[in-house]
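Hi everyone, thanks for coming.

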Amino acid sequence: MNLPGPDDLIAALHVVSLPLNTRFRGVDHREVALFDGPSGWGEFGPFLEYAPEESSRWLAAAIETGWHGFPEAVRDSVPVNATVPAVADHEVEYVLARYDGCRTAKVKVAERGQSLTDDLARVAATRVVMGPDARIRVDANGGWTVDDALDAIAQLAPYGLEYVEQPCTRVEDLAALRVALARNGIDVLVAADESIRKAEDPFRVKELDAADVAVVKVAPLGGVRNALRVAEQIELPVVVSSALESSVGMSAGVAFAAALPDLPFACGLGTIELFDADVVTDSVVPHDGSLSVRTVTPEPELLDRWAASPDRIQWWKRRVQDAYMHLPR
Ligand SMILES: O=C(O)CCC(=O)C1=CC=C[C@@H](O)[C@@H]1C(=O)O
Ligand SMILES: [Mg+2]
């Protein structure tokens with residue numbers, strides 16, 4: 001790939017701060033940098049606490065879109081799941097109402113400061129709203145010990161779970177949990193997310209037999225082509241998911257899902273529904289449960305309306321330069 005220099009990136013940079021309608025990952029605004037590259041618009045949006053080395057993979061993904069483009073698609077639309085943040089059970093219906101036609105929901109559980117009772121109520125409400133035929137998956141973001149996870153999954157399983165995502169943080173614990181679930185006759189699949197996207201070696205999950213399903217995200221893995229390589233080599237069924245992008249970054253997730261030979265699960269690419277603003281009017285949001293493959297060009301007036309403050313733009317310019325130093329060459 002022809003790498004742009006850091007000055008090319010800075011010259012092509014626009015930083016936006018997009019308000020969310022529901023708190024997610026502890027934030028109510030999402031700041032991302034967008035690059036207007038020769039092959040299209042790329043998004044660089046590592047979460048604010050990420051250090052330059054980890055951020056460099058997100059930068060590689062943005063450069064791929066802006067300076068190289070996407071690989072060929074094998075389908076022109078992809079099914080999407082609704083995402084239910086750690087809201088109160090009475091808010092679930094309102095959250096789900098945004099997701100047109102989605103028959104799968106992912107529910108956040110094990111939120112810090114909440115209890116298993118909150119999780120059970122949220123999952124129960126999701127089942128009531130979605131009906132008996134819908135698929136429900138939960139995501140604990142590594143919030144449980146093996147014992148907590150075993151207890152929580154035993155109590156959540158009667159609501160019908162497609163899988164439980166990252167129940168524990170360590171890969172070894174995921175492996176131990178799978179053994180414990182089998183011993184206790186609890187037939188729930190385990191999916192790995194952070195153990196893939198934040199790991200030095202994403203393939204340890206496979207080596208330790210620690211998951212049934214691999215969650216694969218484009219930006220943290222350095223772009224669509226790298227994500228395709230991980231998906232191929234990990235030898236597990238793959239779920240494509242977002243990293244809370246604007247419609248620009250979301251189009252890369254859709255391109256990845258569209259290029260995968262097999263797509264057995266709905267994709268976690270519906271998170272623009274958690275935003276109150278975007279950089280295009282025609283956002284990448286599901287219609288009849290699916291997203292269409294497309295390119296996204298931000299509208300200048302929306303880039304202006306949601307532009308970050310001058311000091312935040314400076315901060316992002318420095319961040320781009322710092323991440324650039326760590327790009328794989
Ligand atoms: O998978 C989904 O339904 C939506 C994406 C999603 O849940 C996430 C996006 C970004 C950051 C993460 O905390 C979170 C996840 O853990 O999967
Ligand atoms: Mg997750």
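Let's begin with K217: this lysine is buried because 24 other C-beta atoms lie within 10 Å. By buried I mean 20 or more other C-beta atoms within 10 Å of a residue's own, with exposed at 12 or fewer, partly exposed in between, and C-beta atoms placed from the backbone.

A word on what you see: this is a predicted model, where local features need pLDDT of at least 70, side-chain atom pairs count only at pLDDT 80 or more, and totals for chains, interfaces and linings use all residues. Residues are numbered from 1 along each chain as its sequence is written, while chains are lettered from A and ligands numbered from 1 in the order in which they are written.

K217 sits in strand β10, residues 213-217 (strands are DSSP E runs of at least two residues, helices H or I runs of at least four, numbered from the N terminus). Leaving out residues up to four places away in sequence, K217 touches R197, S241, S242 and A243; contact here is C-beta atoms, placed from the backbone, within 7 Å.

K108 belongs to strand β6, residues 104-108, and counts as buried because 21 C-beta neighbours fall inside 10 Å. Beyond four places in sequence, K108 contacts V84, P85, A86 and D139. As for β6 itself, five of its five residues are buried.

Thanks, folks, happy to chat!

Terms used. Contact = placed C-beta atoms within 7 Å.
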